[in-house]
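Good morning, and thank you for joining this meeting.

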Amino acid sequence: MRGTRVAGAIALGTLGGLLAGSHGDAEETRWQIDPDKCIGCSHCSTYCVLDESAVKCVQCFDMCGYCDICTGYLDTNYDDVNTAAENQLCPTAAVVREFVEDKAGQRFYQYTIDEDACIGCGKCVKGCALMNGSLYLQVMHDRCVNCNECAIEKACPTQAYTRVPAEKPYLVKAQAQSLYESKLADEALAQDDPVAKLMRMVTMR
Amino acid sequence: MSRPLQPMWESLMRDERAWRRIAIIAGALSVLIVTVMLVSFFARETDPSLNGTFAELKQSLQDTRGNVERHGAIANQIRVLDVELRKEYFDRRAFMTVASWLLLASVFVAVASAKMVATIDRRAPILGEMVSDGGDPDATISVQSISAVGGFALGVLLFSGWLIVSARSVLPSNANQLAALFPEPESIVAMSTGTNSQETLTEAASDVEQTDRAAIEEDLLPTSQAKPLPTLQTRLKNWTRFRGTDGSGVGLNASIPEAWDVESEKGILWKSPMELPGSNSPIVWEDRVFLCGATAERRTVCSFDARSGDLVWQTDVPLPAPELDDGEPVEMEVNDDTGFAAPTMTTDGVRVYAMFAHGDVVAVSFDGEIAWRREFGFPNNPYGHASSLVAEGDVVLVQLDQGSEDEPESQLIALAGATGETVWETKRDVPASWSTPLVVEYEGERQVITCANPWVIAYRASDGEELWRCDALYQDVGPSPVAADGIVYVCNEVPGGAAIRLGGSGDVTETHVDWIVDFGAPDTTSPLLVDNMILMLASFGTLTSYDIVEAGDPLWEVDFDDGFKASPTRIGEHVLLIGESGLCWLVTATKEGCETVWEADFGERVSASPAVLGERIYVRGDNHLFCIGGS
């Protein structure tokens, strides 16, 4: 009899806890950079508690101009438009330049990010901001340890760090957002998971 | 079945000495790994390009341009060093990963071995007679616990009480503090309308303001009031602002040599050294050329004799010195390309007006005396303020766009040219932009056209009232508008160019846009109207031409092998294009195509647009002010 009462009390407590938890559970969040506020100051590469910063550059191809003279790729004082070290802006050659086509007398190139080489210094982001702003920084959640108090957030000069829902941990620029929303409205695209689709389109990851 | 190893294993399990050695070796290895990791961590370079030698070589590369052999050798050195630095960087990172796992393993072994030693060393306790001091130890602990908890509670109570009592109200405690929060907008003394509301002026800055006030009072004397401002017709005969008095970038009546050469000085009337850097363009009033220059430490306004190139005067403009609440100076950062003196000056024929990245406007008489100065706080602008000033009637227009799309802090301000007082100011719901306003006359009314993201907005020049707006431009807007025959032409790299008919009111996006084009629009330079064409020069060197009426597809596109910051300028029948490297092209542009008439090289970087007056072209390079002319 005594055992039955104890078992009943445990069952009731468990049920109550589950019910309370299902209503009072706080939304799980992740750190992320608002790309419209980021100025590419390079703090992301130096303040992260990880040796290799969790912040990496991503490329929004729909915003990219595929420029030959890419200000996100070439040093401001570039000597020539080629891949030589003295002309590259990226300190680790993480921005990969590939010829796409020659159209109307202009040569167009695609720029992708080698994520393993990227150190999140934001130099390309700052450079690209002079043109289309298609390169921007994001916290990569396969690397980020999601500290309660993010060291980069503390150092960020523009308060670009924000908490976002864990199920939608990446952000796109406001301009790209409206473009993608209209694209995602397409029935064929809507069959896929919209968040995953969005990030694939933005970062090609 | 025999198990020969069991005795050895059992003996090892009881061998305290062996485990102790293992623990010591593993512990020492852990310490060694930690030490090496710490050394590696603190000796690391977070960015390979910050290496001192690398930076020096890159600087040398710039300095040796023109010396092909030396230049090539340095480029090779950079490439070799780049590979070395990157290899070192990634090797270090790989080492840290391996070392982390080694450390984990060695610490595990050390702890496990130490635990074995402890287990083997464990001895059964020897029970002796309990020694008691007479008191009950449980009762003692109980009293101590209650005392500790009680003491802690009392501490929390007292601390909370202190917090409540000592908390200050956020409201001002007296009328003076309240008044300080709302400075008079017409006040002549410096004021801050930017984001740095916490800024306070230092005593030095206050002294400067007192001087300025005295100068203003002098300027208000009846004798000064007797100076009439030149009429618009007179101003149109001069180059009074960025891209000329009408903002079109056209020097129609100019007759200039079709060929010049800086090296042999053919066609170069004079060239004068520039002391301070600045990407602002020259303005010209009769026989005077005006420019400003600035660094983080010094700012000047200069006047050159247009006939000889002699520096007539150079006036130092005091630096604002705002401080944070803790007394630390506010740090000023601007993009290298923008610099501290990007806005082009303007003149009304009596005074010249300059604006600097620090967000202050200064008026200087034609004699070089500072008449007044107004501060608007460091602009909240990611690249630095670059919108140029425009003298209109008796006011100076300041398009002070700043902030973000979510939190715009922009405004258009009209300052009285004589005193610096605010005549009117209008808030703008747009983020930071770098475009210069254009003043046009339509049906007897002067309109100020401004470009920003996303709105092109027109204001009545007399009172700043908004007349119409058009959703036409996105992202960072740099190009300035031009106008002709009742149509305003605007452009930006995103989304392209647009022609907006004047005469509308409210939102004219759906009603007054004649055409839109999406190819070839620049992000920095301003468009140029040539006959019935609009020319747009992209930063990467492609000059694109559209029919001004029909637009549609480009008439033609021509590539020039340079980057461009200077806007194209029409000089007589020709168009002058000046590249960033100093290369320049004089071309003829017709609907049939674009033909280069002459190519030259200024021999130094040029990012400012030229000024054209009479038979002379004034071009500002990084180091010199050039005057091109036939006589």
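Predicted model: local features only at pLDDT ≥ 70, side-chain atom pairs only at ≥ 80, totals over all residues.

Let me begin with a question: which residue is the bridge partner of Val440(B) in strand 16 of chain B? The partner is Gln447(B). Residues are numbered from 1 along each chain as its sequence is written, while chains are lettered from A and ligands numbered from 1 in the order in which they are written.

A word on terms: helices (H or I, at least four residues) and strands (E, at least two) are DSSP runs, numbered from the N terminus. Two strands pair if DSSP finds at least two bridges between them.

To return to strand 16 of chain B, it pairs with strand 15 of chain B, residues 438–442, in the antiparallel sense over five bridges. Two residues lie between these strands in their hairpin, where Glu443(B) takes a positive phi near 50°. Strand 16 of chain B also pairs with strand 17 of chain B, residues 455–460, again antiparallel and over five bridges. In that pairing Cys451(B) stands opposite Val456(B) of strand 17, and a hairpin of three residues joins the two strands. Five of the seven residues of strand 16 of chain B, which spans 445–451, are buried, so the strand is largely enclosed by the rest of the structure. Buried here requires 20 or more other C-beta atoms within 10 Å of the residue's own, with C-beta atoms placed from the backbone.

Next, an open sheet in chain B. Four strands are ordered 3-4-5-6, with antiparallel pairing. Strand 3 (283–285) and strand 6 (311–316) of chain B are at the edges with a single partner strand each, so one side of each has no neighbour in the sheet. On average, neighbouring strands of this sheet are turned by 25° against each other, direction ignored. Strand 4 (residues 288–294) and strand 5 (residues 299–305) of chain B run antiparallel and are joined by seven bridges; Leu291(B), for instance, has Cys302(B) of strand 5 as its bridge partner.

Turning to the helices of chain B, helix 2 (residues 16–42) packs against helix 4 (residues 68–121) at an angle of about 155°, with the axes 7 Å apart. Axes are lines fitted to C-alpha atoms, for helices over the stretch in contact, and angles run from 0 to 180 degrees between N-to-C directions. Helix 2 of chain B is therefore roughly antiparallel to helix 4 of chain B, a description used for angles over 145 degrees. By class, their contact has 21 nonpolar, five polar and four charged residues. Nonpolar covers Ala, Val, Leu, Ile, Met, Phe, Trp, Tyr, Cys and Pro, charged covers Asp, Glu, Lys and Arg, and the others, Gly among them, are polar.

How many residues does each chain give to the contact between chain B and chain A? Chain B gives 30 residues and chain A gives 29, where contact requires C-beta atoms, placed from the backbone, within 7 Å. On the side of chain B, the largest share, eight residues, comes from helix 4 of chain B. By class, that side has 10 nonpolar, seven polar and 13 charged residues.

Finally, chain A contains seven helices and six strands, and buried residues make up 38% of its 205 residues.

Technical notes: Buried ≥ 20, exposed ≤ 12 C-beta atoms within 10 Å, placed from the backbone. Parallel < 35°, antiparallel > 145°, perpendicular 65-115°, else oblique. Contact = placed C-beta atoms within 7 Å.
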